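Here's a quick briefing to read with the model open beside you. Have a look around first, then come back for the notes.

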Amino acid sequence: MAGWRTEKLQGFCYGGDYNPEQWPEEVWLEDMRLMKKAGVNLVSVGIFSWAVLQPGADNYDFAWLDRLMDLLAKHGIYADLATATASPPAWMAVNHPDTLPVDKRGSRYRHGSRQHYCPNSHVYRDYAARLVRRLAERYKDHPGLAMWHVNNEYGCHISECYCSSCEHAFRVWLEKRYGTIDELNARWGTNFWSQKYYRWDEIGLPAHTPTFANPGQQLDYRRFMSDSLLDCYLNEANILREVTPGVPVMTNFMGSFKPLDYFKWAQHIDVVNWDSYPEPTSGTGQEYAALNHDLLRSMKGGQPFLLMEQVTSQVNWRQHNPLKRPGVMRLWSLQTVARGGDGVLFFQWRQSRAGAEKFHGAMVSHMGDEHSRVYREVEQLGGDLQRIEEIADARITAKVAIVFDYDNWWALELDSKPSADVRYMKSIETYHRALYRANIAVDFVTPEQDLSAYALVIAPTLYMVKPGVQDNLERYVSTGGSLVLTYFSGMVDENDRIHLGEYPAPFRKLLGLCVEEFDPMLPEQRNRIKTADGGSYECSLWADIIRLDGAEAIAHFESDFYAGGAAVTRHSFGQGKAYYVGTQPNDVYVAKLLGTLCEEAGIVPPIAAPAGVEVSVREHADGRAYVFVLNHNAEPVRVELPPGEYANVLDGSAKQGEIELPVAGVAILKRNAE
Ligand code: GAL
């Protein structure tokens, strides 16, 4: 399918996970009333219903789901119908214990929570396929069916399995990838520590080893597990596409989530979406969410995404679970819309009476009616989304991109590295945060992608350089782009083998420098970097000892034996410029550097807003544009608007000159025609 809009899925989607099997049927009617009142139009049904839908291996019971689907349709609420395969019934564990996954030390998990299936179990996949085909055939023409929700959060609890089925499947996967055992030995560098293989069946999983397992093997195991879970998804999705070709198919993602290569997965889902659970009182939840909104939106070329799950009030799975403060749920929901989301859904509709999530917040609390603070906020947000419906499908245009690559993440964070503190997401966050705080729109891209739409590209810690990437980045810069690379980049190939020569071998020419040595810092260690204008900024984590070879230094280290050496460099390459940041500078410096580069490229925020005020623009192809202004501060703020007259589409009020936003306040401004 191209896109996910169908006749049934118009405007904004609003709703949540709905688990009616936990409630007597009289409650369902009350649910319908409360859903309508709140403006709910889409609910995810049956995510954990397998045991109820299939009481035994050859015995199905769809009667209750028939009644529920009819009830939803009667009330004009659509089902994002789940395939129910995320938690296999007890009989499966009893009859087929080898469907249960195995941990690194060889111990088998048991039935009794959820996600207890081995991704390579054919028995599990066959049962799943049979159930999915029945669901698809049964509901294919049902007026309530709007979307398919395959499984749930693949890999959330079990993203690795070390059973014999996985071991066998790993060998098959490797043989397909490398063809010959000699090729595999070369890629994994198995002459090291006597690891050479002579037959495919000698190869095992990187399970419980005395010390560091072979890095090439570990890296391929990660790829294999992401692919194995993707095959589980496709096992179901292919059936759904065959039986109901017009119905969008998705599974819910979890933000950046390390175990699964979502850029690869996104090619197989129709609706990009994710489940967002920032810690609500840390003060940085909106930054975490913004990064993931930007990342997920980018995975399908800017197509509007759905926030598939969030909580209204508080979760139950942290050590301490504070409430979202009044207004914050609405603020963060509208932030989703601001950054390209066309739907806001929650886990879950009605708070459970029993089970491990009974203290997890919901749209309807244990009180069970419309009188809770939370329900009132839910109802208000439902109204907001209806009022701003004209924004649905509007897009975000970014001139800045951050390179993101799962293979790089996996390889960078394998063990046996110069510093265990080099973490990919920290590095990505550092650069995203600076752009977020400056209200500069940003996309994420893969290193192989065409970059010509961007004036500035930042590739933090691009440790792995796969075939084609060096050329792609050189082409981008030589044709006028600005590129920022950072420390510990250009080190290895796609199998985690060093790119030989002076570091960073694939980027030496582009950067006009050589990294003679690197000096990872101890956790408490700091240095400083100095800029030509006299500025001095703290740096930590890493210091590259750089020899310039055409580049110029724009910041120097202040102390240690490499004091005076280049820390940040600039190199003209063709029509563009390549920058290198050979350390982890503090946020002030990163903001200054990116601020300068944006300014040089003519990239400015839509509105000059005070700190803590997020601004983002969505625009339709016909030019109608909406400026979102969100106050994340603990105090009210005043924001000056550029000249012109505006309408706040949230309430229709006219605005010009200056607006005042209360704590958690939001304005969505549409500029009136002159
Ligand atoms: C998600 C999951 C939901 C629910 C929720 C609680 O990870 O998909 O089923 O458990 O967390 O926060």
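The shell around the ligand splits into 4 nonpolar, 2 polar and 4 charged residues. Keep in mind that this is a predicted model.

**Around the ligand**

- Who's in the shell? The ligand is surrounded by Phe48, Arg114, Asn152, Glu153, Tyr277, Glu309, Trp317, Phe347, Glu357 and His360.
- Glu153 puts a polar side-chain atom 2.4 Å from an oxygen atom of the ligand.
- For Glu357, an N or O atom of the side chain sits 2.4 Å from a ligand oxygen atom.

**The largest pocket**

- The largest pocket holds about 670 Å³ of space.
- It has 25 lining residues, and the closest to the pocket's centre are Gln22, Phe48, Ser113, Arg114 and Glu357.
- Of those, Phe48, Arg114 and Glu357 also turn up in the residues surrounding the ligand.
- By residue class, the lining of this pocket comes out as 9 nonpolar, 12 polar and 4 charged.

**Cavities**

- A word on the idea: rolling a probe the size of a water molecule over the atoms shows where empty space is left.
- How many cavities of 30 Å³ or more are there? The count comes to 4.
- In the largest cavity there is about 80 Å³ of space.
- That cavity is lined by 13 residues, with Pro278, Pro280, Val311, Val315 and Arg318 the closest to its centre.
- Its lining divides into 6 nonpolar, 4 polar and 3 charged residues.

**Aromatic pairs**

- The structure has 40 aromatic pairs.
- One of them is Phe170 with Trp173, a stacked pair at 6.4 Å centre to centre and with 20° between the planes.
- Why are these two separated by about one helical turn? Because Phe170 and Trp173 are 3 residues apart in helix 6 (residues 164-178).

**Backbone spots to check**

- Phe347 and Gln348 are joined by a cis peptide bond, with omega about -5°.
- Where does Gln348 lie? You'll find Gln348 in the loop between strand 8 (341-346) and helix 12 (373-387).
- There's a cis peptide bond from Tyr503 to Pro504 as well, where omega is near -20°.
- Pro504 belongs to the loop between strand 12 (482-486) and helix 16 (508-511).
- Thr461 is a residue other than glycine with a positive phi, near 40°.
- As for its place in the chain, Thr461 is in the loop between strand 11 (456-459) and helix 15 (469-478).

How values were computed:
Residues numbered from 1 in each chain as written. Predicted model: local features only at pLDDT ≥ 70, side-chain atom pairs only at ≥ 80, totals over all residues. Heavy atoms only, no water. Near = heavy atom within 4 Å. Polar contact = N/O pair within 3.5 Å; in protein donor to acceptor, adjacent residues only side chain to side chain. Nonpolar A, V, L, I, M, F, W, Y, C, P; charged D, E, K, R; others polar. 1 Å grid on protein atoms, 1.4 Å probe; cavity = no way out; pocket = protein on both sides within 12 Å on 5 of 7 lines; lining within 4 Å. Points joined across faces, edges and corners; volume = space filled by probe spheres on them. Phe/Tyr/Trp six-rings, centres within 6.5 Å; stacked < 30°, edge-to-face > 60°. Helix = DSSP H or I, 4+ residues; strand = E, 2+ residues; numbered from the N terminus.
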